Amino acid sequence: PRLIQTQDAKYFLPNVWGGAFRTELFKSNMLKDIRLAIGEDSACVMPCVYNAENMVILEECLYFYRLNLSSITKVFQWDAPEIIANHLKSKLDIAEFDFQEQLYRKIVHELFSVVVSQFYRKAKNGEIKRNINRNLENPVYKEAIEKAKFKGSLKANLMHFALKHRCFALIKLYSLIR
């Protein structure tokens, strides 16, 4: 029931490298949209966990992650939150538990990351703000921002507030201290 994202913005870590999956389960839940350069892990792992017959969780970390500051993960795609949301809707019974509400929170969370990443681009603030405003008009994003409800997380509430009220100064400040 807490697979996608809880009200306090906690979520199951959806990293492909963090699990071993049966090939048929993985292939049947894999995201087929090749336009997505980041976020495809959550689009695949969440449906795998949801559709798995059983699961084992280990206490120890058996993986070493190397951070690459010049990787593609520094600037996010505008359509990524929508692509992931559509995939999750196709693979999960969205009417079960409160998955729709969780999905709104996930979209807002991912959308915030996309907006923050815009301030890493080498462009003038006015151009960045116009680009953000244009993309926030996406009906999927507008609905998620309107209907998402966070509780118990100051960071998530500030993130949601900044998107809802388009507080670009707050978002830019976050991008600088992140």
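**Exercise 1. Which residues of helix α3 are buried, and what covers them?**

Solution. A80, P81, I83, I84, A85, H87 and L88 are buried in α3, where buried means under 20% relative accessible area with a 1.4 Å probe and protein chains only, exposed over 50%, and partly exposed in between. Their cover includes α1 (23–29), α2 (40–51), α4 (99–118) and α6 (139–147), counting contact as heavy atoms within 4.5 Å. Helices here are DSSP runs (H or I, at least four residues), numbered from the N terminus.

Before going on, note that this is a predicted model, where local features need pLDDT of at least 70 and side-chain atom pairs count only at pLDDT 80 or more, while totals for chains, interfaces and linings use all residues. Residues are numbered from 1 along each chain as its sequence is written, and side-chain values use heavy atoms, leaving out hydrogens and water.

**Exercise 2. How is the pair of Y50 and F99 arranged?**

Solution. Rings of Phe, Tyr and Trp (its six-membered ring) pair if their centres lie within 6.5 Å; planes under 30 degrees apart are stacked, over 60 edge-to-face, and the rest tilted. Y50 and F99 are 5.8 Å centre to centre with 65 degrees between the planes, so the pair is edge-to-face. Next, locate the partners: Y50 lies in helix α2 and F99 in helix α4, 49 residues apart.

Definitions and conventions
Helix = DSSP H or I, 4+ residues; strand = E, 2+ residues; numbered from the N terminus.
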